[in-house]
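User: Could you take a close look at one part of this model for me, the aromatic rings and the helices that carry them? I'm new to this, so please keep it plain.

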Amino acid sequence: MTQTDEGGDFTSRIVAGVAAIAAGYAARKVLSFAWTSATGKEPPTDPESLDTGLAEALGWAALTGVGMEVTRVLAVRAAHRRLGGHARGSTRA
C-alpha cells in the first residue's frame, strides 16, 4: 500500500465518522419527534429506570437501536460513495 492510499483511507474514515455522528444526531431528533407524535409523550430519558414502564423502555430501546444503526450504515456508505472510496472489507487489487 502506498502512502497516498493510506492517506486516502484515513481521510475516508474521518469523513465517514463525521457523517455518522451528524446523521446520528439528526436521527435522534427525528426518532424523538416520531415517538412524541405516536405516543403523545416525550421519549424516556432513562429507560433503565424502574419508573419507566417495561413496554415503553423496550419500545424506545428497539426504535433507537434499529433507527440509529440504519442511519449510521447509510451515512457511512454515502460518505464512502461520495469520496469514491471502498467500504471496509472490500477486496482491493
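Analyst: Here is a walk through the ring pair first, then the helix around one of its partners.

This is a predicted model, where local features need pLDDT of at least 70, side-chain atom pairs count only at pLDDT 80 or more, and totals for chains, interfaces and linings use all residues. Residues are numbered from 1 along each chain as its sequence is written, and side-chain values use heavy atoms, with hydrogens and water left out.

Rings of Phe, Tyr and Trp (its six-membered ring) pair if their centres lie within 6.5 Å; planes under 30 degrees apart are stacked, over 60 edge-to-face, and the rest tilted. That rule gives one aromatic pair. Trp35 and Trp60 have ring centres 5.4 Å apart and planes at 75°, so they meet edge-to-face. Trp35 sits in helix α1 (residues 3–39) and Trp60 in helix α2 (residues 54–83), so the pair ties together parts 25 residues apart in sequence. Helices here are DSSP runs (H or I, at least four residues), numbered from the N terminus.

Buried means under 20% relative accessible area, exposed over 50%, and partly exposed in between (1.4 Å probe, protein chains only). Trp35 is buried at 11%, and Trp60 is buried too, at 3%.

Now for α2 itself. Its buried residues include Trp60, Thr64, Gly67 and His80. Just after α2, Gly84 has a positive phi of about 75°.

Key: Helix = DSSP H or I, 4+ residues; strand = E, 2+ residues; numbered from the N terminus.
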